[in-house]
Amino acid sequence: MAANSFTGVRPKLKIFAHGAIVEIAGLAGRADLNGQQALVLGWASEPRRWAVHVETGGEEVRVKPRNLLLKVPASGAVPANDEEEEPCMLERETGSALYV
């Protein structure tokens with residue numbers, strides 16, 4: 001196995017850290033949320049979407065990874081959550097979310 005490979009990680013899956021700020025984009029059914037900034041709360045294994053807290057209005061929604069754009073990486077350590085089934089990785093030196 002190569003030194004940079006990860007097991008159990010799907011190619012092209014956007015990985016965000018809890019606390020990152022993202023922008024919602026490309027939603028058809030909830031176009032009112034497009035362009036809104038949100039705080040990443042965590043991965044919801046069912047329905048396989050990121051749970052985010054929308055800054056304007058305070059609504060919590062679940063959004064497909066392809067509909068989120070990283071604006072501000074999370075800072076500090078990522079809290080462990082044994083219930084998460086999907087991997088969450090954070091580049092420790094920069095605090096940037098890793099895209100795999």
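Q: In this predicted model, which residue of E3 stands opposite Gly 42?
A: Gly 42 stands opposite Ala 51 in E3. The model is predicted, and this pair of residues belongs to the meeting of strand E2, residues 37-44, with strand E3, residues 49-54.

Q: What makes E2 and E3 count as paired strands?
A: Pairing requires at least two bridges between two strands. Strands E2 and E3 have six bridges and run in the antiparallel sense, so they meet the requirement and count as an antiparallel pair. As a general point, strands of a sheet pair through backbone hydrogen bonds, either parallel or antiparallel.

Q: How many residues lie between the strands of the hairpin of E2 and E3, and which residue there takes a positive phi?
A: Four residues lie between these two strands, and Arg 48 takes a positive phi near 60°.

Q: What makes E3 and E4 count as paired, and which residue of E4 is the bridge partner of Val 52?
A: Strands E3 and E4 have four bridges in the antiparallel sense, and since at least two are required, they count as paired. The bridge partner of Val 52 in E4 is Val 61. In the hairpin of E3 and E4, five residues lie between the strands, and Gly 57 takes a positive phi near 95°.

Q: What makes E1 and E5 count as paired?
A: Strand E1, residues 21-24, has four bridges to E5 in the antiparallel sense, and at least two are needed, so this pair also counts. One of the positions involved is Ile 24, whose bridge partner in E5 is Leu 68.

Q: In what order do the five strands of the open sheet stand?
A: The order across the sheet is E4-E3-E2-E1-E5, with antiparallel pairing.

Q: Why are strands E4 and E5 said to stand at the edges?
A: Strand E4 (60-63) and strand E5 (68-72) each have a single partner strand, so one side of each is left without a neighbour in the sheet. From one strand to the next, the twist averages 45°.

Q: How many helices and how many strands does the chain have?
A: The chain has zero helices and five strands, and from the N terminus on its elements run β-β-β-β-β.

Q: How many aromatic pairs are counted, and why is the pair of Phe 16 and Trp 50 given its name?
A: The count comes to two aromatic pairs. The ring centres of Phe 16 and Trp 50 are 5.5 Å apart, and the cut-off for a pair is within 6.5 Å, so the two rings pair. Their planes stand at 80°, and an angle over 60 degrees counts as edge-to-face, so the pair is called edge-to-face. Phe 16 lies in the segment before E1 and Trp 50 in strand E3, 34 residues apart, and the pair thus links distant parts of the chain.

Q: What kind of pair do Trp 43 and Trp 50 form, and how do you know?
A: The ring centres of Trp 43 and Trp 50 are 5.2 Å apart, which is within 6.5 Å, and their planes stand at 70°, which is over 60 degrees, so this pair is edge-to-face. Phe 16, Trp 43 and Trp 50 form one aromatic cluster.

Q: Is Val 22 buried or exposed, and how do you know?
A: Val 22, whose place is in strand E1, has 0% relative accessibility, and since this is under 20%, Val 22 counts as buried.

How values were computed. Residues numbered from 1 in each chain as written. Predicted model: local features only at pLDDT ≥ 70, side-chain atom pairs only at ≥ 80, totals over all residues. Heavy atoms only, no water. Axes fitted to C-alpha atoms, helices over the stretch in contact; angles between N-to-C directions. Phe/Tyr/Trp six-rings, centres within 6.5 Å; stacked < 30°, edge-to-face > 60°. Buried < 20%, exposed > 50% of the residue type's maximum accessible area, 1.4 Å probe, protein only.
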